Amino acid sequence: MLAAGSALKRYECSQRVTDHATIDRLLTDQGGFRMGPFTLLDLTGLDISHAVMESIYQQYYQEPRFRPSALTAQRLAAGLLGRKSGEGFYRYADGQAVLPDEPTAPPPSQYRYGSATKTAMPDAR
């Protein structure tokens with residue numbers, strides 16, 4: 001649950017620069033995780049996961065780094081529990097997640113390369 005809470009904080013702080021499916025995909029493809037944090041939250045259900053996050057927060061005397069995400073509280077109130085309700089971070093049809101298409105990378109012509117690091121950076125023009 002701590003990893004899921006951390007992923008939620010990064011998702012919120014990034015002002016949704018990316019979506020939850022991309023975060024899950026990165027952690028499974030590149031990080032070696034068996035499932036991403038949002039898939040895990042949908043599997044356990046937000047009714048359970050949010051309660052666990054609240055409990056950890058209280059047991060650590062309201063330590064700010066363990067504060068539950070406001071996003072989970074909002075989604076819980078909306079009934080978006082995950083697999084058990086048919087929709088959470090993903091939608092479910094016949095018990096299987098309906099995954100969004102993988103985003104495609106922009107064409108190379110939209111990138112310029114930094115001279116010092118040689119890493120691709122979006123063109124700022």
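# Reading contacts in a predicted model

Guide: A salt bridge joins the side chains of arginine 91 and glutamate 87, at 3.3 Å from N to O. This is a predicted model, in which local features need pLDDT of at least 70 and side-chain atom pairs count only at pLDDT 80 or more, while totals for chains, interfaces and linings use all residues. Residues are numbered from 1 along each chain as its sequence is written, and side-chain values use heavy atoms, with hydrogens and water left out.

Visitor: What is a salt bridge, and how many does a search of the whole structure find?

Guide: The term means a side-chain nitrogen of Lys or Arg within 4 Å of a carboxyl oxygen of Asp or Glu. The search finds 3. One of them pairs aspartate 47 with lysine 84, whose closest N and O atoms are 3.1 Å apart. Aspartate 47 is in helix H4 and lysine 84 is in the loop between H5 and S1, so this pair ties together parts 37 residues apart in sequence. Helices (H or I, at least four residues) and strands (E, at least two) are DSSP runs, numbered from the N terminus.

Visitor: Is lysine 84 buried or exposed?

Guide: Buried means under 20% relative accessible area, exposed means over 50%, and partly exposed lies in between (1.4 Å probe, protein chains only). Lysine 84 is exposed because its relative accessible area is 51%. Aspartate 47, at 31%, is partly exposed.

Visitor: How many aromatic pairs does the structure hold?

Guide: Rings of Phe, Tyr and Trp (its six-membered ring) pair if their centres lie within 6.5 Å; planes under 30 degrees apart count as stacked, over 60 as edge-to-face and the rest as tilted. The structure holds 2 such pairs. Phenylalanine 38 and phenylalanine 89 are edge-to-face, with 4.9 Å between centres and 65° between the planes. Phenylalanine 38 belongs to helix H3 and phenylalanine 89 to the loop between helix H5 (70-77) and strand S1 (91-93), 51 residues apart. Phenylalanine 38 has a relative accessible area of 0%, so this residue is buried. Phenylalanine 89 also counts as buried, because its relative accessibility is 7%. The other pair, tyrosine 60 and phenylalanine 66, is tilted: 4.7 Å centre to centre and 45° between the planes.

Visitor: Which residues touch the most other members of the largest nonpolar core?

Guide: A nonpolar core is a set of buried Ala, Val, Leu, Ile, Met, Phe, Trp, Tyr and Cys residues joined through side-chain atoms within 4.5 Å. Among the residues that touch the most other members are Leu8, Phe38 and Phe89. The largest share of this core, 3 residues, comes from H1.
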